Amino acid sequence: MLTIYCPANHARALSLQLSASLSSLSATRSLTLLWCTHQGLAILVVLPSAASAAASPADGCKSERGSGGGRRRKHEPLWVFGDSYADTGNLGDLGRELTHSWYSPYGETFPRRPAGRFSDGRVLTDFVASALGMPTPVAYKGRRRASRDKLARGMNFAVGGAGVLDTGNFQRNISAQIDLFQAMQKQRRRGCARVAGNNNNTGTALVVVSGNDYAYAADKDNGTSAAIAYIPTVVRELGYQLRRLRDEVGMGRVVVTNLHPMGCTPVFTRPLNYTGCDPLANAGAAQHNAALAFVLAALDPANATFLLLDVHTPFAAILLNDDRDNKNSRGFTSTLRPCCESFTPDGYCGEQDENGTRQYALCDDPRRYFYWDDVHPTQAAWATVAATFKATVKSFMST
């Protein structure tokens, strides 16, 4: 018997009688997923079987992790896949309007210049790498300028605007990012060269999904309800890609984020004069998270390979806290209004008019703000969130 509860403030539970326990699920069998919607209804998703997934291929190159008692590298490489919450410089400079992260005031805290991060400073990738006790892996775009030592840390393929599926932003989705990783590994195997580390396709994958698929669906069909209806499709594909990372690519560990409370991002709170969050968008995020947790339980009943990195709980503890003077606000004086705020709702942080005049307001101290722009957290916010999962990540990596 497995009981799945509906998202917070929808106190209805649905019991599922499974004909086979999760631990006995075969890799060749399909899995039917069932979870609650904000209306108390059930959604069914069939996760494709992994019959076509191949075991991790041996490349014939000598590994520093070989079983012959050879020297083991202190840290396994970290391979990052995802979107702007993880991107450390992969989105090309296509001009200020399309690629804000390469223009002022982005990067003013770190590295004190615009460098392709969607924040005033460090982003989630930086803090996960720190939790693993290693420097941030090089961005794919910067690989040709990187030393062998830097390449040995892994690589970041995440790019702003990407989704699990195509989001209309013409950026590599997660499947295409994994394809790119595999192409690089195939190139390495041909010459046993250090193209991207020397680990026989092993290492740790970080998969970051922050909701671009749902934003795309909402914009396309003009409503949050359309985005919620898209959840089964997104979760099914995400489950397939996670299984692929383990069974086909050969990742030893896979860390995947759940969704933050999307209704609390400034793009949703601005129409409410920054006084509250959008409950429907938050309910959608909770539904995504419930479905993702169920997928991971099916893929890895023993919790040996996959770690669900819970960013939702620390986000919610701060953003859904009604008492702004309460310690749960963690010192942030502004949680729903961004540090960098465009003058108009359809503007953007960093916008300038034809005379080069700012079309945005900038706060004096980003450390007091949770959000940097209309979607992305500040470095201070990421640091606060990371403090809640650092021990969990270290423990997972030590097993």
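Let's start in the loop between β9 (253–257) and α7 (266–269), which is where His 260 is found. Keep in mind that this is a predicted model. With a relative accessible area of 3%, His 260 is buried, since anything under 20% counts that way.

Who is around it? Its side chain makes a polar contact of 3.4 Å with the side chain of Tyr 85. Setting aside neighbours within four places in sequence, His 260 touches Tyr 85, Ser 210, Thr 265, Ala 285, Val 311, His 312, Phe 315 and Tyr 371.

## Helix α9

Two of those names, His 312 and Phe 315, turn up again among the buried residues of α9. That helix spans residues 312–319 and is mostly covered, with six of its eight residues buried. Besides His 312 and Phe 315, the buried set has Pro 314, Ala 316, Ile 318 and Leu 319.

The cover over these buried residues includes α8 (279–299) and α10 (379–398).

## A disulfide beside α7

Three disulfides are counted in the model. One of them pairs Cys 264 with Cys 277, with 2.1 Å between the sulfur atoms. Cys 264 sits in the loop between β9 and α7, while Cys 277 is in the loop between α7 and α8, 13 residues apart. The loop that holds Cys 264 is also the one where His 260 is found.

What is the handedness of this disulfide? The S-S torsion of Cys 264 and Cys 277 is about 110 degrees, so the link is right-handed. Both cysteines are buried.

## The pairs around β11

Cys 339 is joined to Cys 363 by a disulfide, S to S 2.0 Å. Cys 339 lies in the loop between α9 and β11 (340–342) and Cys 363 in the loop between β12 (360–362) and α10, so this bond ties together parts that are 24 residues apart in sequence. The torsion about the S-S bond of Cys 339 and Cys 363 is about -80 degrees, which means a left-handed disulfide. Cys 339 is buried at a relative accessible area of 3%, and Cys 363 is buried too, at 12%.

Cys 340 has its own partner, Cys 349, again in a disulfide with S to S 2.0 Å. With 100 degrees about the S-S bond, the link of Cys 340 and Cys 349 is right-handed. Cys 340 has a relative accessible area of 3% and is buried; Cys 349, at 5% relative accessibility, counts as buried as well.

Technical notes:
Residues numbered from 1 in each chain as written. Predicted model: local features only at pLDDT ≥ 70, side-chain atom pairs only at ≥ 80, totals over all residues. Heavy atoms only, no water. Helix = DSSP H or I, 4+ residues; strand = E, 2+ residues; numbered from the N terminus. Buried < 20%, exposed > 50% of the residue type's maximum accessible area, 1.4 Å probe, protein only. Polar contact = N/O pair within 3.5 Å; in protein donor to acceptor, adjacent residues only side chain to side chain. Contact = heavy atoms within 4.5 Å. Disulfide = S-S within 2.5 Å.
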